[in-house]
Amino acid sequence: MGCGNTSMKNRPPTGDLKASGLIYIVECRHNLEKNDKDEHGHRWDTVPIQKAIQAQGWKCELCYYDDASAAQLIDKIKKADGYICRINPGPNGLMTSRQQV
């Protein structure tokens with residue numbers, strides 16, 4: 001999944017760009033060692049990022065990653081125009097480094 005990077009996987013390197021589409025923002029739920037989430041369960045700057053994308057005419061959905069639902073999330077992302085992975089490396093009760101995404 002290339003966490004920490006923004007992926008616009010279906011974009012041509014040059015030429016026409018789409019005027020709209022679907023972007024997913026992927027996060028983990030509350031980290032067991034450090035709470036970097038707001039009252040809605042997202043990182044403090046995730047919702048402003050989502051709103052900025054939507055203001056440009058794009059759909060933008062927030063979703064959570066965990067090992068148990070990795071396959072479903074991957075299927076969902078494959079159908080999107082891109083995703084932004086906002087997962088910091090480190091201990092998390094719902095994610096292991098063994099999962100290959």
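Predicted model: local features only at pLDDT ≥ 70, side-chain atom pairs only at ≥ 80, totals over all residues.
Trainee: In what order do the elements of the chain run?

Mentor: Helices (H or I, at least four residues) and strands (E, at least two) are DSSP runs, numbered from the N terminus. The chain has two helices and four strands, and from the N terminus on they run β-β-α-β-α-β.

Trainee: Which residues of helix 1 are buried, and which are exposed on its other side?

Mentor: A residue is buried under 20% relative accessible area, exposed over 50% and partly exposed in between (1.4 Å probe, protein chains only). In helix 1, residues 46-55, the buried ones are Thr 46, Gln 50 and Ile 53. Viewed down the axis, the buried residues of helix 1 fall within an arc of 65°, so they line one face; the arc is that of the directions from the helix axis to the C-beta atoms. Lys 51 and Ala 55 are exposed on the other side of helix 1. Just after this helix, Gly 57 takes a positive phi of about 95°.

Trainee: Against which strands do the buried residues of helix 1 pack?

Mentor: Packing is read from contacts, meaning heavy atoms within 4.5 Å. The partners of helix 1 are strand 2 (22-27), strand 3 (59-64) and strand 4 (82-85).

Trainee: Where do the buried residues of helix 2 lie, and what do they pack against?

Mentor: In helix 2 the buried residues are Ala 70, Leu 73 and Ile 77. They cover an arc of only 65° around the axis, which puts them on the same side of helix 2. Their packing partners are strand 2, strand 3 and strand 4, while Ala 71, Gln 72 and Lys 78 are exposed on the other side of the helix.

Trainee: How many residues has the largest nonpolar core?

Mentor: A nonpolar core is a set of buried Ala, Val, Leu, Ile, Met, Phe, Trp, Tyr and Cys residues joined through side-chain atoms within 4.5 Å. The largest one has 13 residues, and those with the most contacts inside it are Tyr 24, Val 26, Tyr 65, Leu 73, Ile 77 and Ile 87. Strand 2, helix 2 (70-78) and strand 4 each supply at least two residues of this core. Apart from it lies another core of six residues, among them Ile 23, Ile 25, Cys 60 and Ile 84.

Trainee: Which residues of strand 4 are buried on each side?

Mentor: In a regular strand the side chains alternate between the two faces of the sheet. In strand 4 both faces are covered, with Gly 82 and Ile 84 buried on one side and Tyr 83 and Cys 85 on the other. Strands pair if DSSP finds at least two bridges between them; strand 2 and strand 4 pair in the parallel sense over four bridges, and Tyr 24 stands opposite Tyr 83.

Trainee: Is Asp 45 buried or exposed?

Mentor: Asp 45, in the loop between strand 2 and helix 1, is buried, with a relative accessible area of 19%. A polar contact of 2.9 Å joins its side chain to that of Arg 86. Such a contact is a pair of N or O atoms within 3.5 Å; within protein, one must be able to donate a hydrogen and the other to accept it, and residues adjacent in sequence count only if both atoms are side-chain atoms.

Terms used. Residues numbered from 1 in each chain as written. Heavy atoms only, no water.
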